[in-house]
Amino acid sequence: MKIIVCIKQVPDTNEVKIDPVKGTLLREGVPSILNPDDKAALEEALRVKDEHPETHITVLTMGPPQAEEVLIEGVAMGADTGILLSDRAFAGADTWATSNTLAKAIEKIGDYDIIFCGRQAIDGDTAQVGPQIGERLGIPQVSYVEKFYLKDGNIRVHRALEDGYEIIEGKPPILLTTIKELNKPRYPSIPGIMKAYREDLIKVWTYGDLDIPSTDIGLDGSPTQVKRSFTPEQKGKGEILDGSTDEKVQQLMKKLQENNLLRRD
Amino acid sequence: MNFNLTKEQQMIQKTVIRFTKNEVEPIAAEVDENQRFPTETVEKMQRCGMMGIAVPREYGGAGADELAYVLAVEELSKSCATTGVILSAHSSLGCWPIQQFGTEGQKKKYLKPLASGEKLGAFGLTEPNAGTDAAGQQTVAVPEGDHYRINGTKIFITNGGEAGIYIIFAMTDASKGLKGISAFIVESDTPGFSIGKKEKKLGIRGSATTELVFKNMMVPKENLLGKEGQGFKIAMQTLDGGRIGIAAQALGIAEGAMEKSIRYVKEREQFNRPIGKFQGLQFMMADMETKIQASKLLVYQAAAAKSEGKPYGKLAAMAKLFASETAMEVTTKAVQLHGGYGYTSDYPIERMMRDAKITEIYEGTSEVQKMVVAADILR
């Protein structure tokens with residue numbers, strides 16, 4: 001079985017600060033991590049490989065040269081190879097142009113049974129790129145996968161809904177987007193780290209490597225543009241009342257009256 | 001001199017930091033309280049490929065260098081010195097002598113399962129009457145056909161009872177003194193091998209420390225490590241390297257206590273201000289931090305020398321001497337900084353202080369380290 005896992009390097013949003021004036025993310029000095037949903041996607045692929053050692057896993061990402069770090073991490077966790085799509089021409093892409101570029105790269109890889117994508121990246125939260133890749137490749141897709149089973153080449157997944165899940169069955173080739181509740185990703189292994197740095201397992205593809213017009217990629221290929229980003233205004237600070245239920249009700253009544261939200265007429 | 005970490009070392013360090021935070025720190029207090037060997041942690045370390053970190057890849061290890069190994073022991077020990085010494089004893093005392101002195105057959109048969117973590121390694125030199133004077137071995141190995149018949153007792157063996165493979169030492173020719181000692185690879189299921197008393201300890205209480213009892217234990221001749229009579233040399237060289245691991249453990253303990261202390265003095269308020277604002281405590285902490293940094297340089301220097309194939313016996317002894325005494329001093333002061341709270345088991349500081357003490361004792365006491373250094377500079 002051949003698996004492609006689409007992953008992304010993102011700023012660790014637990015560490016991110018927001019520029020109070022511009023409202024944008026202050027990325028400087030913020031550590032970069034492998035996007036959590038994508039890590040779950042990779043872990044699920046690795047579990048297939050644990051069961052079926054002949055499985056070949058490629059991790060694929062688009063980004064600046066330093067995005068190679070997440071491919072190294074992917075290989076250190078157990079992926080076989082990594083491909084980095086990196087070119088100035090790819091820069092400034094929205095989800096439309098990104099999925100275009102990734103789909104072209106996947107077509108170039110050619111042979112695949114399953115494509116795993118994380119549901120969404122924690123820096124953009126769009127959840128669009130995975131499904132768009134599926135559409136562009138013309139293969140079936142299931143999003144929000146929270147459980148995955150593979151038996152005799154047949155795939156069965158639980159697709160998370162707000163109040164339950166759907167059971168969906170399918171056959172390769174198929175694209176699945178995973179949520180981080182799917183599994184607990186393994187740590188990179190020490191031998192894996194050594195292998196990732198010492199063996200030439202990561203390739204870099206530039207614009208020239210893909211059969212795609214320049215109008216379909218990067219900023220030019222992006223029909224949407226970010227007009228403004230801002231931090232939602234802070235709502236008033238909440239207050240938690242202490243005491244027994246009766247005491248809390250008393251306190252609540254008192255506060256509501258004090259603030260003129262409740263009046264005794 | 002340059003101690004910038006390579007990208008590999010940085011990623012190994014980052015991984016072990018994450019591993020320690022998620023898997024080791026949450027159970028460290030419980031492991032100490034119940035004197036429980038953390039088997040589940042060792043299994044997780046095995047899955048992570050940590051148990052063969054410095055073993056060459058051809059024998060199933062990761063093929064990382066000595067500094068990467070030091071970083072791993074250091075990070076684990078910041079939260080749990082028990083876990084640190086499990087890895088240190090396994091790697092330095094279990095794997096390394098086979099890697100260094102073993103035949104190809106011995107490496108295939110014993111180093112591979114150690115490197116994969118399938119089996120844990122241990123080292124048995126100390127006896128009730130042969131501590132610092134390791135030459136006073138009373139365990140005896142007598143050749144008998146294809147085997148050696150070994151009788152005797154070892155004590156204070158780290159990973160005892162948990163390990164599957166032991167490097168043990170016995171007298172093959174008492175008339176030759178030091179040159180009459182030989183080393184053997186012994187499997188735990190060898191007939192005549194048994195585990196005696198399990199020690200209750202002041203610190204590293206989760207680490208298994210036991211007696212090994214050999215009663216007419218028959219060890220195949222092919223399990224002789226090195227040649228007959230080379231045992232003492234093998235033991236001393238192994239301990240030279242082991243000291244780097246223990247120095248890394250001591251360094252980690254001190255750093256862990258320092259991190260906790262820095263956080264505490266910023267939070268704890270007395271006289272209407274954080275206690276870290278008082279110069280008396282600031283001076284104490286400046287001394288602690290300086291000694292930690294000095295320890296770190298000594299430990300990394302010894303590790304680098306070993307990786308580069310340079311002589312490291314003196315460097316390792318100095319690193320262990322200074323790092324272990326620093327660990328004791330820093331943890332003692334950390335308890336002082338925490339005041340009454342630091343004396344209780346609600347905070348990890350008292351555990352760190354108890355754990356630090358052993359680093360001044362095992363794999364050669366501080367006094368032995370001074371003997372090694374003095375012997376080197378006065379030879």
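Student: How much space lies in the second largest pocket?
Tutor: This is a predicted model, and in it the second largest pocket holds about 1300 Å³ of space.

Student: Which residues are the closest to its centre?
Tutor: The lining of the second largest pocket has 41 residues, and those closest to the centre are A:Ser32, A:Ile33, A:Lys39, B:Lys14 and B:Arg18.

Student: And which elements give two or more residues to that lining?
Tutor: From chain A they are strand 5 (32-34), helix 1 (36-51) and helix 2 (68-77), and from chain B, helix 1 (7-33).

Student: Where does the largest share of the lining come from?
Tutor: Helix 1 of chain B gives the largest share, 10 residues.

Student: Turning to chain A, how many helices and strands are there?
Tutor: Chain A has six helices and 13 strands. Its C-alpha atoms fill a box of roughly 75 × 45 × 40 Å along the principal axes.

Student: What share of chain A counts as buried?
Tutor: Of its 265 residues, 43% are buried. The accessible surface of chain A is about 15300 Å², and carbon and sulfur atoms make up 48% of that area.

Student: What about contacts between residues 24 or more positions apart?
Tutor: Such pairs account for 70% of the contacts in chain A with a separation of 6 or more.

Student: Lastly, how many positive and negative side chains does chain A have, and how far apart are the centres of the two sets?
Tutor: Chain A carries 33 positive and 43 negative side chains, with the centres of the two sets 3 Å apart.

How values were computed:
Residues are numbered from 1 along each chain as its sequence is written. Chains are lettered from A and ligands numbered from 1 in the order in which they are written. This is a predicted model: local features need pLDDT of at least 70, side-chain atom pairs count only at pLDDT 80 or more; totals for chains, interfaces and linings use all residues. Side-chain values use heavy atoms; hydrogens and water are left out. Helices (H or I, at least four residues) and strands (E, at least two) are DSSP runs, numbered from the N terminus. Buried means under 20% relative accessible area, exposed over 50%, partly exposed in between (1.4 Å probe, protein chains only). Contact means heavy atoms within 4.5 Å. Accessible areas come from the Shrake-Rupley method with a 1.4 Å probe; for residues, only the protein chains shown count as cover. Lys and Arg count as positive and Asp and Glu as negative; His and the chain ends are not counted. The place of a charge is taken as NZ of Lys, CZ of Arg, CG of Asp or CD of Glu. On a 1 Å grid over the protein atoms alone, a cavity is a set of points where a 1.4 Å probe fits but cannot get out, and a pocket is an open set with protein on both sides within 12 Å along at least five of seven lines; lining residues have an atom within 4 Å of a point. Grid points are joined across faces, edges and corners, and a volume is the space filled by probe spheres set on the points.
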